[in-house]
Amino acid sequence: MRTNQHGQSRVSHDVQRSLSRIISELKDPRISLITSVTRCEVTKDLRECKCYVSVLGDDTATMEGLNNAKGFIRKQLASSLNLRYTPEIRFIRDPSIAYGIEMSRKIDEAIAEDQRRRDESASEEDDGE
């Protein structure tokens, strides 16, 4: 039996794009302004969707706000997409953006420390002459 992987990935991409828009328009103060839908996985039967969300800020409050707004989000998703079924959404925390920012900060610190050591080494050589 053939499966339509291309169609399924297209649906997942469309769901991701719609969820990103819907979440950005939510007015719940618990939901961080910097909330990104990094990936969506919709099952073949369109019954369930795993929505991976990355949050910069208070992720516990944001996840609570998203879970409380599931019904509203699902209703908005149904009106924006023309699917046979509107999937049940499960929000999953994705730490990738916070991890990337932390790694970038550590790299910047390492570069600054390396530059500081070079400057100290150069000034010691100048004092020695």
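In what order do the 3 strands of the open sheet stand? They run S1-S2-S3, with mixed pairing; strands pair here if DSSP finds at least two bridges between them, and helices (H or I, at least four residues) and strands (E, at least two) are DSSP runs numbered from the N terminus. Keep in mind that this is a predicted model, where local features need pLDDT of at least 70, side-chain atom pairs count only at pLDDT 80 or more, and totals for chains, interfaces and linings use all residues. Residues are numbered from 1 along each chain as its sequence is written, and side-chain values use heavy atoms, with hydrogens and water left out.

S1 and S3 are the edge strands, each with a single partner, so one side of each has no neighbour in the sheet. From one strand to the next, the twist averages 25°. S1 and S2 run antiparallel, joined by 7 bridges, and Cys40 has Cys51 in S2 as its bridge partner. H2 packs on this sheet and touches S1, S2 and S3, while its direction makes about 180° with that of S3 (axes are lines fitted to C-alpha atoms, for helices over the stretch in contact, and angles run from 0 to 180 degrees between N-to-C directions).

Beyond its neighbours within four places in sequence, Leu19 is in contact (heavy atoms within 4.5 Å) with Val37, Cys40, Cys51, Ile73, Leu77 and Ile89.
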